[in-house]
Amino acid sequence: MRGTLLLLALVGSVALVPVADALGANAVLDAPGIRIDAAGADLSLGLKILLGLTVLSLAPAILVSMTAFIRIVIVLSMLRHALGMPETPPNTVVISLALFLTLFTMAPVLHKVNQDGVQPYLAGSIAPELAARGALAPMRDFMVRQTREEDLALMVELARAEQPATVEDIGLVQLIPAFMLSELRAAFQIGFVIFLPFLLVDLIVSTALMALGMMMVPPASISLPLKILLFVLMDGWNLVVRALLGTFA
């Protein structure tokens, strides 16, 4: 996730450059607990502190709204409910697995972010504005590929903005919520498909118990072990992860 964090730093630097220019050559900016001297190296150190705080505060929002994390964590959570164990695996395990699968899925995108924006910026060969644009381009391309036209058109309409002529004309204000809507829809579609075989097991067990006159026996007490056995025998985790990551191709 280093590439995503540095991307945030670049975006923050773009917003802070006009502030630095407004301070002047020898201006001093005082804030509670922070003193930034706009003279040479002190300005650079002060901006690094502000960028670090920006990264720490915005990293969770970027992780949730601009990566594959939404689809992955929702599908894994729905899998627990389909099995009939809403608390197993625990939330810590599900979120940790979702984070690593997100990192695996986003690895090519983060590599381009690092190659096109982060490394040139660290080398001092391009300005922060150009570095931010170069780092945002791979993230934008990823979101555009996963976003439905209907969701994007909805956000453009709600924003009362002009229809974009090209991909570059799409604003992040419209693209990010449209991407999140598309991810939610895709996650629920995958979750529905996962629910079907387990629902079939529940129906078969309920029908068998009614046929045997055992209507006082909770169907879940019998169907749950059967669903776990079925899931283990078919190597369910492997199948779910393979199919889930395959949807991002």
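In this predicted model, helix α6 (residues 149–158) packs against helix α7 (residues 172–211) at an angle of about 140 degrees, and their axes lie 8 Å apart. Two packed helices are described by the angle between their axes and the distance between the axes; here axes are lines fitted to C-alpha atoms, for helices over the stretch in contact, and angles run from 0 to 180 degrees between N-to-C directions. The angle therefore makes α6 oblique to α7, given that angles under 35 degrees count as roughly parallel, over 145 as roughly antiparallel, 65 to 115 as roughly perpendicular and the rest as oblique. The crossing of α6 past α7 is right-handed, a term that applies if the near helix is turned clockwise from the far one by less than a right angle, left-handed being anticlockwise. On the α6 side the contact (heavy atoms within 4.5 Å) is made by Asp 151, Leu 152, Leu 154, Met 155 and Val 156, and on the α7 side by Gln 174, Leu 175, Pro 177, Ala 178, Leu 181 and Ser 182. By class, 8 of the residues in this contact are nonpolar, 2 polar and 1 charged, where Ala, Val, Leu, Ile, Met, Phe, Trp, Tyr, Cys and Pro count as nonpolar, Asp, Glu, Lys and Arg as charged, and the others, Gly among them, as polar.

Residues are numbered from 1 along each chain as its sequence is written. Local features need pLDDT of at least 70 and side-chain atom pairs count only at pLDDT 80 or more, while totals for chains, interfaces and linings use all residues, and side-chain values use heavy atoms, with hydrogens and water left out.

Pro 138 has its place in helix α5 (residues 128–146), and with a relative accessible area of 6% it is buried (under 20% relative accessible area, with exposed over 50% and partly exposed in between, for a 1.4 Å probe and protein chains only). Leaving aside neighbours within four places in sequence, Pro 138 is in contact with Val 109, Lys 112, Val 113 and Asp 116.

The largest nonpolar core has 43 residues, of which Ile 72, Met 106, Phe 142, Met 143, Ile 194 and Phe 198 touch the most other members; such a core is a set of buried Ala, Val, Leu, Ile, Met, Phe, Trp, Tyr and Cys residues joined through side-chain atoms within 4.5 Å. Its largest share, 11 residues, comes from α3.

Overall, the protein chain comes to 9 helices and 2 strands, these being DSSP runs (helices H or I, at least four residues; strands E, at least two) numbered from the N terminus.
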